[in-house]
Amino acid sequence: GGGGRRGGGGGGGRAGGNRPGPGGRPRGEGAAGPRPAAETVSPALGGSGDAAIGKRGERRVDSLSGGQRQRVALGRAMVCQPKVFLLDEPLSNLDARMRAEMRAEIVQLHRRLATTMIFVTHDQTEAMTLGQRLCVLDQGKVMQSGSPMELYRQPAHRFVGDFIGTPGMNFVRGRLEKRDGGLAFVESGNGFELGLANGLAKHAGREVELGIRPENISITDADG
């Protein structure tokens, strides 16, 4: 894997160039100069502000900032032209501003390279921002996979509903009961009722939890 923390924190190598091969010429460099892959990768690692690589190509990796190290790690992986990138929480050690900047750069790289990227993160904001397809795991078990909005709007598990979204879902315990030819959720404590679609009729009589997104709650007058 190229873009994980291990790659980003590599030791005494330099930010640019390869170690010399036989005859003193950098490995992978012929008489005509560096291989084309390296020339293609270099412009993509420029960055901006404090994270800019710029003329720092000859500095040791361990002297670079966190954002610069992540760019070097991505560059090392890009030169190999892999079919799949595995990024194992590459932004976890960066501050909030740098994380936002790197997220935007990773999106641009993904579009430019048109290569599959598997991005592992505990940050649901990163998942929703970067992912085209999400897979939510709990204790190593797949809870649900699908598009970001599919997981947000139709969570298949309580864990998914609570994890995806800021803040997470509100959960209310109760029962599904038949009411006037329809179906209603009856809350366990105060007994308030909420009419539901008949598509859930087969679950009538069961104890359930109702999940409600905060933005879907509105306050109205008692008569309206």
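Colleague: How many helices and strands does the chain have?

Modeller: The chain has 7 helices and 10 strands, where helices (H or I, at least four residues) and strands (E, at least two) are DSSP runs, numbered from the N terminus. This is a predicted model, in which local features need pLDDT of at least 70 and side-chain atom pairs count only at pLDDT 80 or more, while totals for chains, interfaces and linings use all residues. Residues are numbered from 1 along each chain as its sequence is written, and side-chain values use heavy atoms, with hydrogens and water left out.

Colleague: What share of the residues counts as buried?

Modeller: Of the 224 residues of the chain, 31% count as buried, and here buried means under 20% relative accessible area, exposed over 50%, and partly exposed in between, with a 1.4 Å probe and protein chains only.

Colleague: Which residues make up the largest nonpolar core?

Modeller: The largest nonpolar core has 12 residues, including Leu 74, Phe 85, Leu 87, Met 102 and Met 117; such a core is a set of buried Ala, Val, Leu, Ile, Met, Phe, Trp, Tyr and Cys residues joined through side-chain atoms within 4.5 Å. Two or more residues each come from α3 (66–79), β3 (84–88) and α4 (96–113), and α4 gives the most, with 4 residues.

Colleague: What does Met 102 touch, leaving aside its neighbours within four places in sequence?

Modeller: With those neighbours set aside, Met 102 is in contact with Gly 67, Gln 70, Arg 71, Leu 74, Leu 91 and Leu 94, contact being heavy atoms within 4.5 Å. Apart from this core lies another, of 7 residues, among them Ala 127, Leu 134, Val 136 and Met 143.

Colleague: Back to Leu 74: buried or exposed?

Modeller: Leu 74 is buried, with a relative accessible area of 7%, and it is found in helix α3. Between Leu 74 and Leu 87 there are 9.0 Å in space, C-alpha to C-alpha, at a separation of 13 residues in sequence.

Colleague: Changing topic, what is the strand order in the open sheet of 4 strands?

Modeller: The order is β9-β8-β7-β10, with antiparallel pairing, and two strands count as paired if DSSP finds at least two bridges between them. Because β9 (193–196) and β10 (207–212) stand at the edges with a single partner strand each, one side of each is left without a neighbour in the sheet. Neighbouring strands of this sheet are turned by 45 degrees against each other on average, direction ignored, where the axes are lines fitted to C-alpha atoms, for helices over the stretch in contact, and angles run from 0 to 180 degrees between N-to-C directions.

Colleague: How many bridges join β8 and β9?

Modeller: Strand β8 (residues 182–187) pairs with β9 in the antiparallel sense over 4 bridges, and the bridge partner of Leu 183 in β9 is Leu 196.

Colleague: Where is the cis peptide bond?

Modeller: The cis bond joins Thr 166 and Pro 167, with omega about -5 degrees, and Pro 167 is found in the loop between α7 (158–163) and β7 (170–179).

Colleague: And what is phi at Glu 89, and at Ala 114?

Modeller: Phi of Glu 89 is near 45 degrees, a positive value in a residue other than glycine, and this residue sits in the loop between β3 and α4, where Glu 89 is buried at a relative accessible area of 17%. Ala 114, also not a glycine, has a positive phi near 55 degrees; its place is in the loop between α4 and β4 (116–120), and at 70% relative accessibility Ala 114 counts as exposed.
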